[in-house]
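Colleague: I am new to this structure and would like to learn how to read its features. Could we go through them in turn?

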Amino acid sequence: MNPLLDQSISDIFRTFMSEEPLENALKQLQTKYSEVPFAINVQNLSDKEFTYRKVLNVDQFFHDTFEPVAKYNPLPSIYSSIDLGSPFRSQQFVSKEDVHPDYVGSFIEPNNNIERSIGMIINRHKHTASYINICLPEAVSESDEKQLFQEIQYLQPYFRNAFQLALQRRMRETISLTKDLGKFWLEQMPYSALIVDENAQVQEMNARAENLLSDHANLGLCANKCITAKASADASALESKIKQSLQLGQQAEPVVVNNEYGPNTLIYIQPTESKVDAPSYLSSFLVKPQYCLLMIFDPTDFIAVPDDMVSYLLNLTPKETQVVRALTNGASTREAAEQLGISYNTTRNHIANVSRRLGASSQSEIVRLVMTTLSRYPWPADTAC
């Protein structure tokens, strides 16, 4: 096999499976054709907005001349309808005379007359496409163009397969979490946790959540197994935050379930899958999250996690651990100070120390880090019940 193609295939699969920057997949071609611009794009072909764009082998002038006339770019219309299975030459579908004069005069001509290009679609779904467009300056010979086209033609199936593998792995992780491993995963958590859909219907929950919801004063399950709060305002807030979390694909603000006879219950909501941590060239093709993880922090429930274990896992002093526990149970800084019998300023100092040690920017972030850390610790069965 051609050494360049052999190494390119290795680069392609490593890039997608390790979710590296997409340009890493083109290192071999970028080096061989150092005068040729390689544009890697994820774009909405309808409004021409880019989710991801990286152009190799160019300087700032290329970008400065492209941006003002990008709306005249004729390529999105080609990528909307072109066959997915093979690369193409843009000049076969559109001639220089058919392109807007401003695009020609302001971008094509100043950049070495890049009126020819080789295009390759990696993935296309509805109006969004991931593609590579290789601009060919006037100086590129016909023989070089032919060879580059053949190399791209050879590599395209590997690009498409590697992309699909990376995309499917992301999707399978979600399915595995909610359908296959959900119950096992939830049982490892040292607090009440459950997985719900956008209608708040429970898909899975751990034994701890079952016990808590069976006799909780302010939370419960409806006949159709939807989690709800007894106070209508709390129930509406819970329903709204679940939908918001799924719509945005990120953690929502915690829901406070009020308890007039004691500390409030906090419910933290986050999608079981997220677009936030996925590379931008994959996130555009991921479906909207379907399930949320609900973590219920109730004073009567969370206390089963030993203070010394929390101190150990988060590297906190005993007093800092007490402050963190109070915050996790829904207390404000002043309420935490009163509960622990220390001054307000001392409590603030403890919170500042914890924030610095954990790299947290707020009290909500502290609680989120506590949740995350405890959820990943392999708790013994008798501790998590």
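Colleague: How many of the residues of β12 are buried?

Modeller: First, the ground rules. This is a predicted model, in which local features need pLDDT of at least 70 and side-chain atom pairs count only at pLDDT 80 or more, while totals for chains, interfaces and linings use all residues. Residues are numbered from 1 along each chain as its sequence is written, and side-chain values use heavy atoms, with hydrogens and water left out. Buried means under 20% relative accessible area, exposed means over 50%, and partly exposed is in between (1.4 Å probe, protein chains only). Helices (H or I, at least four residues) and strands (E, at least two) are DSSP runs, numbered from the N terminus. As for β12, six of its six residues are buried.

Colleague: Which residues point each way from β12?

Modeller: C292, L294 and I296 point one way, and L293, M295 and F297 point the other way. All of these are buried.

Colleague: Which strands are joined to β12 by bridges?

Modeller: Strands of a sheet pair through backbone hydrogen bonds, either parallel or antiparallel. Two strands count as paired if DSSP finds at least two bridges between them. Here β6 is joined to β12 by five bridges, and β11 is joined to β12 by six. Both β6 and β11 run antiparallel to β12. L194 stands opposite L294, and L266 stands opposite F297.

Colleague: In what order do the strands of the five-stranded open sheet lie?

Modeller: The order is β2-β1-β5-β4-β3, with antiparallel pairing. β2 and β3 (88–89) are at the edges with a single partner strand each, so one side of each has no neighbour in the sheet. Further in, β1 and β5 pair over seven bridges. N44 is opposite T128 of β5.

Colleague: Now a helix. Which residues of α9 are buried?

Modeller: α9 covers residues 232–248, and its 17 residues reach 24 Å from the first C-alpha to the last. That is close to the expected 24 Å, where the expected span is 1.5 Å times one less than the number of residues. The buried residues are D234, A235, L238, I242, S245 and L246. They line one face of the helix, because they fall within an arc of 105° seen down the axis of α9; the arc is that of the directions from the helix axis to the C-beta atoms. The face turned away from them carries the exposed residues S232, A233 and Q247.

Colleague: What covers the buried residues of α9?

Modeller: Contact means heavy atoms within 4.5 Å. The cover includes β6 (192–196), β9 (227–229), β10 (255–257), β11 (265–271) and β12 (292–297). After α9 comes G249, whose phi is positive, near 70°.

Colleague: How many residues does the largest nonpolar core have?

Modeller: A nonpolar core is a set of buried Ala, Val, Leu, Ile, Met, Phe, Trp, Tyr and Cys residues joined through side-chain atoms within 4.5 Å. The largest one here has 37 residues, and F16, L29, F38, I134, L148 and F159 have the most contacts inside it. α6 gives the most to this core, with nine residues. Apart from this core lies another, of 24 residues, including Y291 and F297.

Colleague: How many salt bridges does the structure hold?

Modeller: A salt bridge is a side-chain nitrogen of Lys or Arg within 4 Å of a carboxyl oxygen of Asp or Glu. The structure holds eight. One of them joins R89 and E145 (3.0 Å, N to O). R89 is in strand β3 and E145 in helix α6, so the pair ties together parts 56 residues apart in sequence. Another joins R116 and E145 (2.6 Å, N to O). R116 is in strand β4, 29 residues from E145.

Colleague: Is E145 itself buried or exposed?

Modeller: E145 counts as buried because its relative accessibility is 7%. R89 and R116 are buried too. Leaving out residues up to four places away in sequence, E145 touches R89, Q91, R116, I118, L136 and V140.
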